[in-house]
Amino acid sequence: MPAIPFSAEVSGGPELATLELHGDVNAAADDALGVAWEAATDLGAGVVLLDFSDAAYINSTGIALIVQLLADAGHSGREVRACGLSPHYTEIFQITRLSDYMRIFEDATSAATAAAATPAGGER
Amino acid sequence: MTFVDSIKRSVGRGPRTDTPEPSSDVAKSVAGSASAVAAAPAVTAPAVEIAPTDPLFAYLQAASGVVDAERLELDSPALTELRAAHIRAIVPLVAQGELIGALYLGPRLSDQEYSADDRKLLTTLAAQAAPAIRVAQLVREQAVEIEARERLEQEMRVATLIQQQFLPRELPQLPDWQVAAYYGPARAVGGDFYDFIPLPDGRIGIVVGDVTDKGVPAALIMARTQSVLRGEAPRLLSPAKVLERANEILLPEMPARMFVTCLYMVLEPATGRVEFANAGHNLPYVRTADGVIELRATGMPLGLLAGMDYPEHEAVLAPGESVLLYSDGLVEAHGPAGDMFGFPKLRDLMDTERPGSELLDHLLDELHGFVGEGWDQEDDITLVALQRTGGFGLAGLAPAGQILLQVTLPGEQGNERQAMDLVAEAVAGVGLEPAKLDRLKTAVSEAAMNAIEYGSQSDPSIPIDVEVVVRGGDLIVRISDRGLGGPLGDSEEPDLEKKLAGEQKPRGWGLFLIKHMVDAMEIETHGTGQTLALIVHLEGAGDASNPVQR
């Protein structure tokens, strides 16, 4: 399968902003993801949902980009949630312990309707 | 020794030793003749040569006694010359029907004619002296031959010594490789050579060459060629550049009608990758799981023409595969019926799995069976065999495996995904459960990305290699780089808390992920380059432990 260029769409409002991630989440996604993250935070949302339903491939550099988002979110007091991860990438989020800092949901609906996270750092 | 030489010796050079004095009168006559001609007793008889085409030659050979030079009627240049020197009588020296010399006698001191008794005495003397002179001639010829043979043998000893000094004293010890070499000089020393040259990047150069001609000149050229290759190989590394440079150096030094054929191969032991270029030498054979193939490469022999290019080629020797480099002494050996051993026979003999030394023994056994007893070896025979007996540092596994993929990719960012997809496609028939396949894909992607970013420095011209083998119940993916970024260090274990706190860089997950995605991971270093071997146990693949639960 050829590489799929990354793109992101931002939607939502002050309570929850959603970043729909498309294509490969790798080094090439750096700029586009950064722009999308800024757009999401500019909405003033307290929760940012990363929707990986259409993300075909995530590598370690993509993981590092997500770490950067998490760090930024931590500084600004935002919660980050994830949804749409395949079982394999769910496993990777667990291995890397990203799942300790962002709740993982099956889909966007369940992520949007979930209660706010506890301040201690998320649920397992 | 030719007949003419004999005549010259008897007639021209050695009248005092070869010419008997039949009587004091005759002796005086000879001396008197000389004295009369030159007015000095020490002057020798005239050195008149009788050519085999001169009628006098045939006449003397058939004559039964002393020949009167003055009365003989022959249109003979030699006879004219003898008469001018006041020679009166010629006594032919004939042994076994061959004219081997002649005695020339001038006038007697008394000025009387040679009497019948004189002639009889001279004839008897000639009949007795001729065989003795012939024996002396043969002894002398033999002595000269012995001297020449000893000189030749000494030359051969020197040539052999030169060759032996330049052949490797020991074979390289390479893990997972069996290396064997054979050098069998012909009776007349030729110019075959082979060599193993350690290179600074951990690879090893392998040379097999053949100098035209034989003896000391060939041995000297062989020695010079090896010196050049040993000097240039570690500096230039590239086989094509090494041969190009060697040609430049050797061309002005090469004697007329001499040149050197040479195949130069550089082996990366850890990956099995070989780069090679050829200067007119026999093409190496490689035994693969699918049969025997040639490693094709062309180029002019060294020392023939200026400005030659030597195209460089690459190949990968998979575990279990062998390569044979050889000189033409083997394939051009003749059997009793005059037929040649030949390339097809050699190729057929390669087509069975034998470790390096066993392969060479097998080839030599077949050769000796082909040429039969009493074989007069015509040319040097040089054989170098390398078999890749294993890999991955996993001792004890079956030497051969089923190769599912061997591919080289440019060291370009993004090609890690291509590597991942190629491996996934290659292992489609192995029966990995989907989750395990997903883990392997991530591990391959991370290993390839590591090779590209560090080993190739993301330079597309610096390739990475991907190999997939099923062996001993394991699926093994090997990803090798050229090590431009230096060896992999013991990177700090990624710690998410530290990363979020800015105490660690966000990146650095690659090796961590790989370790969790496969059953085992090994790092091999070869020179500056490295190979990451990713190992997945195939037996009970569905029961493989989930890394998350470990």
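This is a predicted model: local features need pLDDT of at least 70, side-chain atom pairs count only at pLDDT 80 or more; totals for chains, interfaces and linings use all residues.
User: Hi! Can we start with chain A: what does its secondary structure come to?

Analyst: Happy to. Chain A has four helices and five strands. Starting at the N terminus, the elements follow the order β-β-α-β-α-β-α-β-α.

User: And how much of chain A counts as buried?

Analyst: The figure is 44% of its 124 residues. As for contacts in chain A with a separation of 6 or more, 65% of them come from residues 24 or more positions apart.

User: Switching to chain B. Which strands make up the open sheet of five?

Analyst: The order is β5-β6-β7-β8-β11 in chain B, with antiparallel pairing. β5 (191–198) and β11 (313–316) of chain B are at the edges with a single partner strand each, so one side of each has no neighbour in the sheet. On average, neighbouring strands of this sheet are turned by 20° against each other, ignoring direction.

User: How many bridges are there between β6 and β7 of chain B?

Analyst: Eight bridges, in the antiparallel sense, pair β6 (residues 204–211) with β7 (residues 260–268) in chain B. If you'd like a spot to look at, D210(B) is opposite T261(B) in β7(B).

User: Which helix lies across β7 and β8 of chain B?

Analyst: That's α8 of chain B, residues 239–250, and it runs at about 150° to β7(B).

User: What about β2 and β3 of chain B, how do they run?

Analyst: They run antiparallel, with seven bridges joining β2 (residues 89–95) to β3(B). One pairing to find is L93(B), whose bridge partner in β3(B) is G101(B). The two strands form a hairpin with two residues between them, and Q96(B) in the turn has a positive phi of about 50°.

User: Is β3 mostly covered or mostly open?

Analyst: Mostly covered: in β3 of chain B (residues 98–105), seven of the eight residues are buried.

User: Let's do a helix. Which residues of α10 in chain B are buried?

Analyst: In α10(B), residues 343–350, the buried ones are L346(B), L349(B) and M350(B). Viewed down the axis of α10(B), they fall within an arc of 105°, so they line one face of the helix.

User: And which exposed residues sit on the face turned away?

Analyst: P344(B) and D348(B) are the exposed residues carried by the face of α10(B) turned away from its buried side.

User: Last topic, cores. Which residues touch the most other members of the largest nonpolar core?

Analyst: V444(B), A448(B) and L534(B) do, in a core of 77 residues. Helix α13 of chain B (residues 434–455) gives the most to this core, nine residues.

User: What does A448(B) touch?

Analyst: Leaving out residues up to four places away in sequence, A448(B) touches N415(B), E416(B), A419(B), M420(B), I464(B), V466(B) and I479(B). There's also a second, separate core of 64 residues, which includes I204(B), A279(B), Y285(B) and L383(B).

How values were computed: Residues are numbered from 1 along each chain as its sequence is written. Chains are lettered from A and ligands numbered from 1 in the order in which they are written. A residue is buried if 20 or more other C-beta atoms lie within 10 Å of its own, exposed if 12 or fewer, and partly exposed in between; C-beta atoms are placed from the backbone. The arc is that of the directions from the helix axis to the C-beta atoms. Two strands pair if DSSP finds at least two bridges between them. Axes are lines fitted to C-alpha atoms, for helices over the stretch in contact, and angles run from 0 to 180 degrees between N-to-C directions. Two residues are in contact if their C-beta atoms, placed from the backbone, lie within 7 Å. A nonpolar core is a set of buried Ala, Val, Leu, Ile, Met, Phe, Trp, Tyr and Cys residues joined through C-beta atoms within 7 Å.
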